[in-house]
Amino acid sequence: MTSAEPATIEFDIRGQICPSTLLTALREINRHATALRRGEITLLFLTTNRDSTHTIPESAGNMGFRVEVISLDGYYAIRVFGNE
Amino acid sequence: MSVSPAVMLTAIGLILGLIAGFVMHRADFCIAGMFRDLFLFRSFAKLRVMVLYVVAAMALFEASRLLGLLPLYPFPMLGPATFAGILGGVLFGIGMVLAGGCVVGTLYRLGAGSRVSFIAFAGLIIGSTLYAEFHPFWKSLLTATTMFSGSITIPQYFNLSPTPLVLISIIPLGWLVALWWRRGQLSSRLYAKGALHLWQAALLLAVISLASYLLIGMPLGITTAYSKIGAMGEQILFPEHVANVSYFATQSISCRNPLTGMMFKGGPGPAMDSIALIQFPLIAGIVLGGAVSALSLGEFTVRHPAPWRQYISAAVGGVLMGLASRMAPACNVWHLMGGLPVLAFASIFFVAGILPGAWLGACMLTRWVVR
């Protein structure tokens, strides 16, 4: 039996005021925590905020989630996913 | 070929600003965030770095003073503590959180192409200029609420050499910094391209502040120039009004530059005086430093709009910061990066004001701006 690829929910927060990225990320991680843990979804945050490239991984890591940060064309994509 | 003092000082200001802007962008050294996150996320992580900065700057300033390298001590334009000034600190704290950055955070992000920071910058100039309209009233309030017999620093008030008091401050704070360092609480894993750790930026900025003190005669300061930019614009539209506003006729600096011997004289008015000579290159340098850093990383962009609430927040925050930086008087950079290391009363009280201000700003931000 093969498991389905998790769906990705994307949040484009590029160009926004400083704490917006982390506040949005924390809110959405909490909202989707169960589905994230089950591996049903991953959350993708697009940001131009350099600070959030380490505050989101730190916060999500403390909540038990895994994170990858990818540098793209002038911005960052931060993917949060469960352990499974 | 000899270089005129004005050209030399312009070049120094530009270079120091450029390095500061570059370093701040690489580390995202956001002083507003340090105070805001204390209340918004219950996180002291970034504020630890400010403690490291203060310890480093204290040691560097005091060592330089003992070596006779700081003839202007305490530095010019640093006033006594006033109760009214604390209110300025509160207002500044609210403003910097709503604007998404302080007076320099706004500049390096503006250099990286942030639209929100451009609005905050415009707000800063408007607020700094509006202050001129009620300066006589506020000045009388500052005078009436002056504390500690007008002494500028703690050592002055107790008629002591600064050295023992600086040591008394450095030893416990330095012990705390060492403890945080051992526990790994001063750094975190970095993912952004070309990123500097906040602690690295703090140490570099302490050296830049010292260089500014040694070469220009005072640590980094930029907010009087915001009033000047506003006065210059207002003079084009309402020249008679500007001529009659008493604040624009005040002289906030009168001292001799220790490096060149040039006499500094100037104030917030529209003239191209010593304030323009000292602060304009610094402002331009910080914006340029942010731009150079962002361009070299391929991260310069003006493409991404923010929600309308955030533009309003940046404008209101900018105006509040501009007003508050004149009411305090002076801004967070002046007080935190220059005044605190010399144990200035006004800077200690400014910090006392900025803390509740940042708390109020964080409440407003989550209630009305980022929802």
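Two strands count as paired here if DSSP finds at least two bridges between them, and the views below come from a predicted model.

**View 1. The open sheet of chain A.**
Let's start with the strands. Four of them form an open sheet in chain A, in the order S1-S2-S4-S3 and with mixed pairing. Strand S1 (7-12) and strand S3 (66-71) of chain A are the edge strands, each pairing on one side only. From one strand to the next, the twist averages 20 degrees.

**View 2. Strands S2 and S4 of chain A, side by side.**
Strands of a sheet pair through backbone hydrogen bonds, either parallel or antiparallel. Here strand S2 (residues 41-47) and strand S4 (residues 76-81) of chain A run antiparallel, joined by five bridges. To find your way around, look for A:Leu44, whose bridge partner in S4(A) is A:Arg79.

**View 3. Two helices against the sheet.**
Helix H1 (residues 20-31) of chain A packs on the sheet, where it touches S1, S2 and S4 of chain A. The direction of helix H1 of chain A makes about 170 degrees with that of S2(A). Helix H3 (residues 52-62) of chain A lies across S2, S3 and S4 of chain A and runs at about 165 degrees to S3(A).

**View 4. Chain B as a whole.**
Among contacts in chain B between residues at least 6 apart in sequence, 82% join residues at least 24 apart.

**View 5. Inside chain B.**
In soluble globular proteins, nonpolar side chains tend to be buried together. Of the 371 residues in chain B, 56% are buried. The largest nonpolar core holds 144 residues, and those touching the most other members are B:Val23, B:Tyr53, B:Ala201, B:Ala202 and B:Leu205. Which residues does B:Leu205 touch, not counting residues up to four places away in sequence? They are B:Ala20, B:Val23, B:Tyr53 and B:Met337.

**View 6. Where the two chains meet.**
Chain A gives 19 residues to the contact and chain B gives 28 residues. On the side of chain B that touches chain A, the elements giving two or more residues are helix H2 (31-40), helix H6 (115-130), helix H14 (308-327) and helix H16 (345-369) of chain B. The residues on that side of chain B divide into 13 nonpolar, nine polar and six charged.

Definitions and conventions
Residues are numbered from 1 along each chain as its sequence is written. Chains are lettered from A and ligands numbered from 1 in the order in which they are written. This is a predicted model: local features need pLDDT of at least 70, side-chain atom pairs count only at pLDDT 80 or more; totals for chains, interfaces and linings use all residues. Two residues are in contact if their C-beta atoms, placed from the backbone, lie within 7 Å. Helices (H or I, at least four residues) and strands (E, at least two) are DSSP runs, numbered from the N terminus. Ala, Val, Leu, Ile, Met, Phe, Trp, Tyr, Cys and Pro count as nonpolar, Asp, Glu, Lys and Arg as charged, and the others, Gly among them, as polar. Axes are lines fitted to C-alpha atoms, for helices over the stretch in contact, and angles run from 0 to 180 degrees between N-to-C directions. A residue is buried if 20 or more other C-beta atoms lie within 10 Å of its own, exposed if 12 or fewer, and partly exposed in between; C-beta atoms are placed from the backbone. A nonpolar core is a set of buried Ala, Val, Leu, Ile, Met, Phe, Trp, Tyr and Cys residues joined through C-beta atoms within 7 Å.
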